[in-house]
Amino acid sequence: MSRYDGITEYDIDLDGQGLRIGIVMSRFNPDVGEGLLSACIEELRALGVAPAAIRIATVPGALEIPLALQRLARSGQFDALVALGAVIRGETYHFELVSNEMGAGISQVALDSGLPIANGVLTTEDDDQALARNHDKGRDCARAAVEMAKLLKAMP
């Protein structure tokens, strides 16, 4: 249904049946990563994505996420990807470097491949902030991956 007469508007579609989803998770902050992952998987299943259609790859840290996403994207086996992890501020400039490069890498893979990637890598000031956000962000990423996969399938 369109809000405007004569104008096509794509509907929001969160039906994950038949979709194939790849997930790349950083192991660097394991408590946060596992919380993100469990919430994401739970939501993907609730949206109808079959467990057999989900693949999980883990990498050492956030800077390794884009390369693993690129490999999954190039495989042609997925309808959407999800990036999960946490970059938590320390006392050096390293936080900005890792956050910026990782985020740019994820965006570049999505644009180069035409495959939607839900970015669920938290960038927080401390562990408490990351732990407080991990379940909501994991669920949000699952929903974004499914919605974007369905939107791109509906578009010419």
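Leaving aside neighbours within four places in sequence, which residues is R139 in contact with? In this predicted model, local features need a pLDDT of at least 70 and side-chain atom pairs count only at pLDDT 80 or more, while totals for chains, interfaces and linings use all residues. Residues are numbered from 1 along each chain as its sequence is written, and side-chain values use heavy atoms, with hydrogens and water left out.

R139 touches A39, C40 and E43 once those close sequence neighbours are set aside, contact meaning heavy atoms within 4.5 Å. R139 sits in helix α4; helices here are DSSP runs of H or I with at least four residues, strands are runs of E with at least two, and both are numbered from the N terminus. With a relative accessible area of 28%, R139 is partly exposed. On that scale, buried means under 20% relative accessible area, exposed means over 50%, and partly exposed falls in between (1.4 Å probe, protein chains only). R139 and S38 are 101 residues apart along the chain, yet their C-alpha atoms are separated by 8.9 Å.

Now for helix α1 itself. The buried residues of α1 are V32, G33, G35, L36, L37, A39, C40, I41, E43 and L44. Their cover includes the strands β1 (21-26), β2 (54-59), β3 (80-88) and β4 (117-124), along with helix α4 (127-154). After α1 comes G48, which has a positive phi, near 100°.

How do α1 and α4 sit against each other, in terms of angle and axes? They pack at an angle of about 35°, with their axes 7 Å apart. Axes are lines fitted to C-alpha atoms, for helices over the stretch in contact, and angles run from 0 to 180 degrees between N-to-C directions. On the α1 side, D31, V32, G35, L36, S38, A39, C40, E43 and L44 take part, and they meet A130, L131, N134, H135, K137, G138, R139, A142, R143 and V146 of α4. The residues of this contact divide into nine nonpolar, five polar and five charged (Ala, Val, Leu, Ile, Met, Phe, Trp, Tyr, Cys and Pro count as nonpolar, Asp, Glu, Lys and Arg as charged, and the others, Gly among them, as polar).

N134, in helix α4, counts as buried because its relative accessibility is 2%. Beyond four places in sequence, N134 is in contact with D31, V32, G35, L36, A39 and L122. R143, also found in helix α4, counts as partly exposed at 34% relative accessibility. R143 touches L14, E43 and L47, not counting residues up to four places away in sequence.

What about disulfides? A search of the whole structure finds zero, a disulfide being a pair of cysteine sulfur atoms within 2.5 Å. The cysteine sulfur closest to that of C40 belongs to C141, and at 6.3 Å the pair is too far apart for a bond. C40 counts as buried because its relative accessibility is 0%, and C141 counts as buried at 3%.
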